Amino acid sequence: QVQLVESGGGLVQAGGSLTLSCTHSGRGFSGNALGWFRQAPGKEREFVAAISYPGRSTALADSVKGRFTISRDNPKDILYLQMNNLKPEDTAVYYCAARQYSTRATNEQEYDYWGHGTQVTVSS
């Protein structure tokens with residue numbers, strides 16, 4: 001089985017930056033499209049960003065366009081989410097996910113493997 005692990009979450013002031021990372025403890029990310037989702041307390045999990053394999057195509061939610069960047073380091077099997085100009089409404093648990101196929105997707109139902117999440121809190 002594929003096991004994903006997120007890291008890099010924490011507390012940051014509004015306007016600040018934070019970088020999240022995601023890696024694996026199983027077979028790696030070869031051939032898999034990857035994505036980031038987030039879930040705030042009392043709300044449903046929502047799409048944030050996605051990237052194809054090997055990484056030439058990306059997608060971002062409208063709420064984070066111009067502020068967040070998704071990227072991947074395939075030789076090292078690491079997924080990144082660079083978060084700039086953070087806002088209080090970005091506060092949530094962030095999850096990384098891997099898809100069986102190489103094309104990117106924005107629906108959580110299209111992903112097969114998930115991490116346990118990392119908390120991001122943005123203070124005002």
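This is a predicted model: local features need pLDDT of at least 70, side-chain atom pairs count only at pLDDT 80 or more; totals for chains, interfaces and linings use all residues.
A charge counts as sitting over a ring if NZ of Lys or CZ of Arg is within 6 Å of the ring centre and within 35 degrees of the ring normal.

**View 1. The charged end of Arg45 sits over the ring of Tyr95.** Here the charged end of Arg45 is 5.2 Å from the centre of the Tyr95 ring. The charged end of Arg45 also sits over the ring of Trp114, at 4.0 Å from the centre of that ring.

**View 2. Phe37, Phe47, Tyr111 and Trp114 make up one aromatic cluster.** The structure contains 4 aromatic pairs. One of them is the edge-to-face pair of Phe37 and Phe47, with 5.8 Å from centre to centre and 75° between the planes. Phe37 belongs to strand β4 (residues 34-39) and Phe47 to strand β5 (residues 46-51), so this pair ties together parts 10 residues apart in sequence. Phe37 is buried at 2% relative accessible area, and Phe47 is buried at 16%.

**View 3. A disulfide links Cys22 and Cys96.** The structure has 1 disulfide, and its S to S distance is 2.0 Å. The link is right-handed, with 55° about the S-S bond. Because Cys22 lies in strand β3 (residues 18-24) and Cys96 in strand β9 (residues 92-98), the pair ties together parts that are 74 residues apart in sequence. Cys22 is buried at 2% relative accessibility, and Cys96 is buried at 0%.

**View 4. The largest pocket has a volume of about 200 Å³.** Its lining has 13 residues, of which Arg38, Lys43, Glu46, Glu89 and Asp90 are the closest to the pocket centre. By type, the lining residues are 8 charged, 3 polar and 2 nonpolar.

How values were computed. Residues are numbered from 1 along each chain as its sequence is written. Side-chain values use heavy atoms; hydrogens and water are left out. On a 1 Å grid over the protein atoms alone, a cavity is a set of points where a 1.4 Å probe fits but cannot get out, and a pocket is an open set with protein on both sides within 12 Å along at least five of seven lines; lining residues have an atom within 4 Å of a point. Grid points are joined across faces, edges and corners, and a volume is the space filled by probe spheres set on the points. Ala, Val, Leu, Ile, Met, Phe, Trp, Tyr, Cys and Pro count as nonpolar, Asp, Glu, Lys and Arg as charged, and the others, Gly among them, as polar. A disulfide is a pair of cysteine sulfur atoms within 2.5 Å. Helices (H or I, at least four residues) and strands (E, at least two) are DSSP runs, numbered from the N terminus. Buried means under 20% relative accessible area, exposed over 50%, partly exposed in between (1.4 Å probe, protein chains only). Rings of Phe, Tyr and Trp (its six-membered ring) pair if their centres lie within 6.5 Å; planes under 30 degrees apart count as stacked, over 60 as edge-to-face and the rest as tilted.
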